[in-house]
Amino acid sequence: MYLARVTGAVVATQKLAPLTGRRLLVVSRVGLDGEPLGATEDVALDPGLDAGPGDVVLVAKEGAVVASLLDVPGAPPTPANVVVTAVVDGWSSGPVDKSASRP
Amino acid sequence: MYLARVTGAVVATQKLAPLTGRRLLVVSRVGLDGEPLGATEDVALDPGLDAGPGDVVLVAKEGAVVASLLDVPGAPPTPANVVVTAVVDGWSSGPVDKSASRP
Amino acid sequence: MYLARVTGAVVATQKLAPLTGRRLLVVSRVGLDGEPLGATEDVALDPGLDAGPGDVVLVAKEGAVVASLLDVPGAPPTPANVVVTAVVDGWSSGPVDKSASRP
Amino acid sequence: MYLARVTGAVVATQKLAPLTGRRLLVVSRVGLDGEPLGATEDVALDPGLDAGPGDVVLVAKEGAVVASLLDVPGAPPTPANVVVTAVVDGWSSGPVDKSASRP
Amino acid sequence: MYLARVTGAVVATQKLAPLTGRRLLVVSRVGLDGEPLGATEDVALDPGLDAGPGDVVLVAKEGAVVASLLDVPGAPPTPANVVVTAVVDGWSSGPVDKSASRP
């Protein structure tokens, strides 16, 4: 999973049925300083967290889990492989005291 | 998922049975300015959206979801891992006012 | 999925049981001009298309689909994640007239 | 799977339900000398190994397995694709005597 | 799948239960000349092929298949996504006579 900032949205009327009514966000991966890493933006599905422009979010990028998460029993699986799983409040990270690590 | 422009098609007569009758498109990833990023083209399966040359599409690149999406109950799974999920009408993206993001 | 040319084969007698009797091909990704891209070769399983040296093939690189495709009911899954799905006859690709794309 | 050092943690109150109560660690991939490789950090879920800052851990990065591992029967799948699978005590690696390899 | 040489092993006593008793190998991807490509090493699970230092092995890197392969019915899935599938005896690869490829 990675941290990303929401920077926009995608509009598509002609799409596979399971995507109907889902929000598609443009997300830009950020480093631990909150600044964009310059990587190409991904398009992520927001399953109902209502993330908006400027929010830092936690993005999971894969298939089976996302599909299962979004599936409605009996309906076809959701064809998305990038999803927003959390809106991030903050994070900590820094040099570690290796001598304090376990032997 | 990523944005890509359809630039061509692949022809193959000798293929695995579940691919019979499926269109295989050459897609070139584009940036938020709509211009090609210079990445190597992927070959994507169009499950019936009828995307054509020049269209910008939303591409999902993974396995389990695509397979499920395209499967016919009782038939072998579709051996494709790149699929077109939407024809894109437009998108928005830009610098965000970080002071407006949630605390 | 990507286009690749078959350039060789791998021999292994000591392998997991489900790979017994399967051909393992060395494949080299090519661009739309048919020339090698210089990427590191992958080893791909040929599920019976009988692709040979010099053939351009369509390669799918992932897990769940390939496994399902090759599985024999009741037997353990096939431990391969790169597979040849088609022998390619040809392809088209070129600059597109963006003014002709959908609004 | 890869070796990484735990360097921090992520805090998120607004998240998908299955992530509730799970620890989210910032992990930085390291080489065989134990030093950071300079790659962008990933965010990994700790399923109960209680790894802490300074620990070197074994990280698996994919979807279906992690989901299954963390799932509670009857509950929705866990939307995480990067997980800590072990706290590492040590490792060995070095040049190999190729003449000693099997013929 | 890719070719790699076994260069070492990882030791971890504090790990998820399904990894107990499994060997974790350090593998270094090699090119068709058998020399290391300089890529960062992966950690791969050996499901019983007994590969040792100096051996060239065929490595599959993904999730669902590996999990299924290693699972014991009724037990939790194995949290590994890189696995050794064969010990390689040899391989062939070289320039191909394109005029000999199928039309």
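1. Asp55(A) is buried, at a relative accessible area of 4%; buried here means under 20% relative accessible area, exposed over 50% and partly exposed in between, with a 1.4 Å probe and protein chains only. Asp55(A) sits in the loop between strand 4 and strand 5 (56-61) of chain A. Its side chain reaches the backbone nitrogen of Gly52(A) at 2.9 Å. A polar contact is a pair of N or O atoms within 3.5 Å; within protein, one must be able to donate a hydrogen and the other to accept it, and residues adjacent in sequence count only if both atoms are side-chain atoms.

2. A remark on the basis of these values. This is a predicted model, in which local features need pLDDT of at least 70 and side-chain atom pairs count only at pLDDT 80 or more, while totals for chains, interfaces and linings use all residues. Side-chain values use heavy atoms, with hydrogens and water left out, residues are numbered from 1 along each chain as its sequence is written, and chains are lettered from A and ligands numbered from 1 in the order in which they are written.

3. Strand 4 (residues 42-46) of chain A is largely enclosed by the rest of the structure, because five of its five residues are buried. Strands (E, at least two residues) and helices (H or I, at least four) are DSSP runs, numbered from the N terminus. Both faces of strand 4 of chain A are covered: one side carries Asp42(A), Ala44(A) and Asp46(A), the other Val43(A) and Leu45(A), all of them buried.

4. Strand 4 of chain A pairs with strand 3 (residues 23-29) of chain A, antiparallel and over five bridges; pairing requires that DSSP finds at least two bridges between two strands. Within strand 4 of chain A, Ala44(A) stands opposite Leu25(A).

5. Asp50(B) has a phi near 60°, positive in a residue other than glycine. Most residues other than glycine have a negative phi. Asp50(B) belongs to the loop between strand 4 (42-46) and strand 5 (56-61) of chain B, and is exposed at a relative accessible area of 52%. For Asp50(D), phi is also near 60°, and this residue lies in the loop between strand 4 (42-46) and strand 5 (56-61) of chain D.

6. Arg29(C) is in strand 3 (residues 23-29) of chain C. Not counting residues up to four places away in sequence, Arg29(C) touches residues including Thr40(B), Glu41(B), Asp42(B), Tyr2(C) and Glu35(C), where contact means heavy atoms within 4.5 Å. A polar atom of the Arg29(C) side chain lies 2.9 Å from the backbone oxygen of Glu41(B).
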